[in-house]
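Here are a few exercises to work through with the viewer open. Try each task before you read its solution.

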Amino acid sequence: MAHLSFFTKLFLVAALWNLTGAIFGFFNTAFTFEVIFNRMIEDPLMLAVYKGAWGTTLIYFIGYLIVARNPEKHYGIVITGGIGKLGYIITLLQLYVAGIASPIIFIIVIGDSIFLILFSYYFFHLLKSADQNWEKTLNFRTEKML
């Protein structure tokens, strides 16, 4: 795949982005909740659920490290990560419009949006590379038959 080093770097940066979020959200859950929602989290069940959501972010740190090692092979992690980023962006924007989330969410929204764009670029190149490989295979088989 062309630009392999670019995509390796992309997924290393994506891993660091998720690790940064997880450091705040998973390891300092109550503080992060207060910063994002301008109120303290007092319900232990809500705290556990919110921490679990940030645990997913921590897992994607590991996932993007795996993708960085072999971007051609581990595209499934990028699909699920991209879906998660899109869902999180939509949710944060809905919470902001409802007056529940603070403007600080735009740091997350902008960052995750940039990654969605870059992930789309990755898939464009991945599909382009797959089409070229398929075309070469067909040409080889056709030539062999003649």
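**Exercise 1.** Are Tyr64 and Phe119 buried or exposed, and what kind of aromatic pair do they form?

*Solution.* Keep in mind that this is a predicted model.
- Start with accessibility: Tyr64 and Phe119 are both buried, which puts each of them under 20% relative accessible area.
- Next, the ring geometry: the centres of Tyr64 and Phe119 sit 5.5 Å apart, with 50° between the planes. Planes under 30 degrees apart would be stacked and over 60 edge-to-face, and the Tyr64–Phe119 pair comes out as tilted.

**Exercise 2.** How do the rings of Tyr96 and Phe106 pair, and which parts does the pair tie together?

*Solution.* 
- The ring centres of Tyr96 and Phe106 are 4.8 Å apart and the planes meet at 80°, so you call this pair edge-to-face.
- Tyr96 belongs to helix 4 (residues 75-97) and Phe106 to helix 5, so the pair ties together parts ten residues apart in sequence.
- Now accessibility: Tyr96 has 33% and Phe106 has 31%. Buried needs under 20% and exposed over 50%, so Tyr96 counts as partly exposed, and Phe106 counts as partly exposed too.

**Exercise 3.** How many aromatic pairs does the structure hold, and which residues do ring pairs link into a cluster?

*Solution.* 
- The tally is 19 aromatic pairs.
- Follow the ring pairs and you get a cluster that includes Phe6, Phe7, Phe11, Trp17, Tyr60 and Tyr64. Phe115, Phe119, Tyr121, Tyr122 and Phe123 belong to that cluster as well.
- For a charge over a ring, look at Lys51: it lies over the face of Phe26, 5.0 Å from the ring centre.

**Exercise 4.** Which residues have the most contacts inside the largest nonpolar core, and which elements give two or more residues to it?

*Solution.* 
- The largest nonpolar core has 14 residues, and Leu10, Phe11, Tyr64, Val78, Phe119 and Tyr122 have the most contacts inside it.
- Helix 1 (4-25), helix 3 (44-69) and helix 5 (105-145) each give two or more residues to this core. Helix 1 has the largest share, with five residues.
- Apart from this core lies another, of twelve residues, with Phe37, Trp54, Ile89 and Val109 among them.

**Exercise 5.** What does the secondary structure of the chain come to?

*Solution.* 
- Count the elements: five helices and zero strands.
- Then check burial: 31% of the 146 residues count as buried.

Methods: Residues are numbered from 1 along each chain as its sequence is written. This is a predicted model: local features need pLDDT of at least 70, side-chain atom pairs count only at pLDDT 80 or more; totals for chains, interfaces and linings use all residues. Side-chain values use heavy atoms; hydrogens and water are left out. Helices (H or I, at least four residues) and strands (E, at least two) are DSSP runs, numbered from the N terminus. Buried means under 20% relative accessible area, exposed over 50%, partly exposed in between (1.4 Å probe, protein chains only). A nonpolar core is a set of buried Ala, Val, Leu, Ile, Met, Phe, Trp, Tyr and Cys residues joined through side-chain atoms within 4.5 Å. Rings of Phe, Tyr and Trp (its six-membered ring) pair if their centres lie within 6.5 Å; planes under 30 degrees apart count as stacked, over 60 as edge-to-face and the rest as tilted. A charge sits over a ring if NZ of Lys or CZ of Arg is within 6 Å of the ring centre and within 35 degrees of the ring normal.
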